[in-house]
Amino acid sequence: MSELSHVEQIVEHIYQKYRNIDEGDVATYIPELAKANPEHFGICLVTVDGRIVHAGEWEQEFTIQSICKPFAFQMALEQFGRDDTLKRVGVEPSGEAFNSIELDPKTMRPFNPMINAGAIAISSLIKTEPPELGVQQFVARMQVAAGRPLRIDQAVLASESLTGNRNRAIAYLMLNCGVIDGEVNSTLEQYFSQCSLLVNCQDLAMMAATLANMGTNPVTHERVFDFQYIKDVLTVMFTCGLYDHAGEWAYRVGLPAKSGVAGGILGIVNRQLGIAVYSPKLDAKGNSVRGILACRDLANELGLHAFEFTNIGSNFMQSML
Ligand code: DON
């Protein structure tokens, strides 16, 4: 039996262990998301040398939602550089919910690019007027990171646009404070479209592995992201990616990560692998219940925590040798 199948056994075991956990609720504040099948549960790992391990409904598509935020931040850094991007958004954890209507009172900027306010400020930077081109550029980049064609879920986009008044309030607050320009509709179209991109677990794990692999897709070998900004993105994911659960996540899982309200979680083991888990039932903080449990076990069983003493010689890495 090869060592890789040892990793497959661990992933399958974690899938079986949590597939019947039934806690949490599917998101309903975007009505279209309420149609998700709560039974679905998928896991995928992609290594930086392009090996793929799956379990469960890894092929099931869902919308990327907030997991678009680190990638949009990366694109803004590449387009505008660090100084100009950080004029619009900070890098401090907010300790608040993802949709909090709040700016940092000291700087009058959003706290960070992982909460909605910060992500909308980033969308304002990378949008175009009219917005179609900016949306297309985002989708194009995500396709190269995933290594396959992707599309926007038009029903989710329409549903979110119709009900997104809280995000509109955040955008107008930022317009009032001079954080974003007056093209508020285009900014929100960019943001809502980014959130409505359809992906499966393998797409997300491939995107995560591309970040782990210094910006190069580990299967297609295409250069996707400028590696000089990846450390910026991973740092903010580490401290802010799980919102008001970020401290607990860093303590128990110890990986840069991002969650989305459709039920996806993406994690990165720098220079080693990308992880994605999908299951739509969420806890009170908007994070996938099974996703969090699965990531905790993956980190423990494979020795992946950033400060794990056995990280360098972890079971996972040994199995790859
Ligand atoms: O802004 C929103 O409401 C969503 N489109 C994205 C939010 C999200 O995924 C929060 N993550 N847990």
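The chain is divided into domain 1 (3-65 + 198-304) and domain 2 (66-195), with bounds that come from an automatic or database domain assignment. The model is predicted, so local features need pLDDT of at least 70 and side-chain atom pairs count only at pLDDT 80 or more, while totals for chains, interfaces and linings use all residues. Residues are numbered from 1 along each chain as its sequence is written, and side-chain values use heavy atoms, with hydrogens and water left out.

**The two domains**

- The C-alpha centres of domain 1 and domain 2 lie 21 Å apart, and 44 residues of domain 1 are in contact with 40 residues of domain 2, where contact means heavy atoms within 4.5 Å.
- About 3600 Å² is buried between domain 1 and domain 2, and carbon and sulfur atoms give 66% of that area; buried area is the accessible area (1.4 Å probe) that two parts lose on being put together, summed over both.

**Salt bridges**

- A search of the whole structure finds twelve salt bridges, each defined as a side-chain nitrogen of Lys or Arg within 4 Å of a carboxyl oxygen of Asp or Glu.
- Glu 61 lies in the loop between strand S3 (52-56) and S4 and Arg 151 in the loop between H4 and helix H5 (154-163), so this pair ties together parts that are 90 residues apart in sequence; helices (H or I, at least four residues) and strands (E, at least two) are DSSP runs, numbered from the N terminus.
- In the salt bridge of Glu 61 with Arg 151, the closest N and O atoms are 3.4 Å apart.
- Across the interface of domain 1 and domain 2, the rule finds four salt bridges.

**Helix packing**

- Helix H4 (residues 132-146) packs against helix H8 (residues 201-212) at an angle of about 90°, with their axes 7 Å apart; axes are lines fitted to C-alpha atoms, for helices over the stretch in contact, and angles run from 0 to 180 degrees between N-to-C directions.
- H4 is therefore roughly perpendicular to H8, a term that covers angles of 65 to 115 degrees.
- Met 142, Ala 145 and Ala 146 of H4 make the contact with Asp 203, Met 206, Met 207 and Thr 210 of H8.

**Backbone details**

- Glu 129 and Pro 130 are joined by a cis peptide bond, with omega about 0°, and Pro 130 is found in the loop between helix H3 (116-126) and H4.
- Gln 65, although not a glycine, has a positive phi of about 50°, and Gln 65 is found in the loop between strand S4 (62-63) and helix H2 (68-86).

Methods. Parallel < 35°, antiparallel > 145°, perpendicular 65-115°, else oblique.
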